[in-house]
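Thanks for coming, everyone. Let me put the structure up, and then I'll walk you through it.

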Amino acid sequence: MKDLDIKLKYDWYERSVQNPESEVDFMRLWFKKIHGRFPTTLREDFCGTGAISCDWARRTSESQAFAVDLDPEPIAEGKSRHLSKLTPKARQRVKFLEANVLDKRDFKVDVVCAFNFSYFIFKNRSTLLEYFKTVRDGMGKQGMFFLDLFGGPESQKIVTDTKKLKGLTYYWECQSFNPINSECTFAIHFRDAKGKKHENVFTYEWRLWTIVELRELLSEAGFSRSMVFWEGDDDEGGGNGEFLPSEIGENCDAWVAYIAALV
Ligand SMILES: C[S@@+](CC[C@H](N)C(=O)[O-])C[C@H]1O[C@@H](n2cnc3c(N)ncnc32)[C@H](O)[C@@H]1O
């Protein structure tokens, strides 16, 4: 997007799609429920601006985060948007790594997360399995791996969802879906306060994986079990933002869920 300032692009993205505090709360809470202690180390794969890592590091003096992304652009933005706002001590507990998530790491962590569906970039089974094995190998004995996904018949239709924010409209467009191989393209557009539309600010070429496929692959990668977190109902046909473990999901038109895989 040549005409859109890089700072604005990430500001709009984060305002529209991210909620790092609630995701850090969610991971800390469920790790504690399962293991009886709070986790200390996080690896945020596909970190983008590393908003989750920076929020993680500020929680306690023991909290340490590694934020991994291939692209130097969001990393540079993350350093100025988030890292710079931490105390000097907390700042030292965050390490950005410009690297491929498929590379083996020489350190182990309590928690790995891959959010905003980023691993959908791996379109074949063997590559996704390789990624899950790399995650498994990079965790301590009590490791937990959190990932999110979306689905439901509506998510495979060529439609655009719109969300109005203060001085900004966010558009999430499904541009194609191939039912034969589940490959799809999605795009994020914005309309600014002056009414100007910025098209294709972020674009994604993905495979839409299903929960059952992911759980089978996680098991094959060596995780001992996986939990699915399904969203509760707001009694008005929408979700209430509260995700709880479940083995039965309501067959909604569109849903977002989390999976936690345990070492
Ligand atoms: C959809 S964005 C997600 C950003 C952030 N996790 C979030 O929740 O909004 C996907 C990010 O993954 C990065 N990425 C794609 N393939 C990667 C790979 N193999 N290794 C590391 N980062 C990768 C991209 O550069 C991009 O910043």
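Start with β1, which is covered on both faces. Thr-41, Arg-43 and Asp-45 sit on one side, Leu-42 and Glu-44 on the other, and all are buried. Keep in mind that this is a predicted model.

Five of the five residues of β1, residues 41–45, are buried, so the strand is largely enclosed by the rest of the structure.

Which strands pair with β1? One is β2, residues 64–69, running parallel and joined to β1 by five bridges. There, Leu-42 stands opposite Ala-65. The other is β4, residues 109–114, also parallel, with four bridges to β1. Glu-44 has Cys-113 of β4 as its bridge partner.

β1, α3 (residues 51–57) and β2 form a β-α-β unit, and the unit is right-handed.

Next, the ligand. How many residues surround it? The number is 16, and the closest are Phe-46, Gly-48, Leu-70, Asp-71 and Asn-116. By type, the shell holds nine nonpolar, five polar and two charged residues.

Last, the domains. Domain 1 covers 6–151 and 209–262; domain 2 covers 153–207. Their centres, over C-alpha atoms, are 22 Å apart. At the contact, 14 residues of domain 1 meet 13 of domain 2. On the domain 1 side, α1 (6–17) and β5 (139–151) each supply at least two residues. The largest share, five residues, comes from α1. That side has eight nonpolar, two polar and four charged residues.

How values were computed
Residues are numbered from 1 along each chain as its sequence is written. This is a predicted model: local features need pLDDT of at least 70, side-chain atom pairs count only at pLDDT 80 or more; totals for chains, interfaces and linings use all residues. Domain bounds come from an automatic or database domain assignment. Two residues are in contact if their C-beta atoms, placed from the backbone, lie within 7 Å. Ala, Val, Leu, Ile, Met, Phe, Trp, Tyr, Cys and Pro count as nonpolar, Asp, Glu, Lys and Arg as charged, and the others, Gly among them, as polar. A residue is near a molecule or strand if its C-beta atom, placed from the backbone, lies within 6 Å of it. A residue is buried if 20 or more other C-beta atoms lie within 10 Å of its own, exposed if 12 or fewer, and partly exposed in between; C-beta atoms are placed from the backbone. Two strands pair if DSSP finds at least two bridges between them. A crossover is right-handed if, with the strands pointing away from the viewer, the path from the first strand over the helix to the second runs clockwise.
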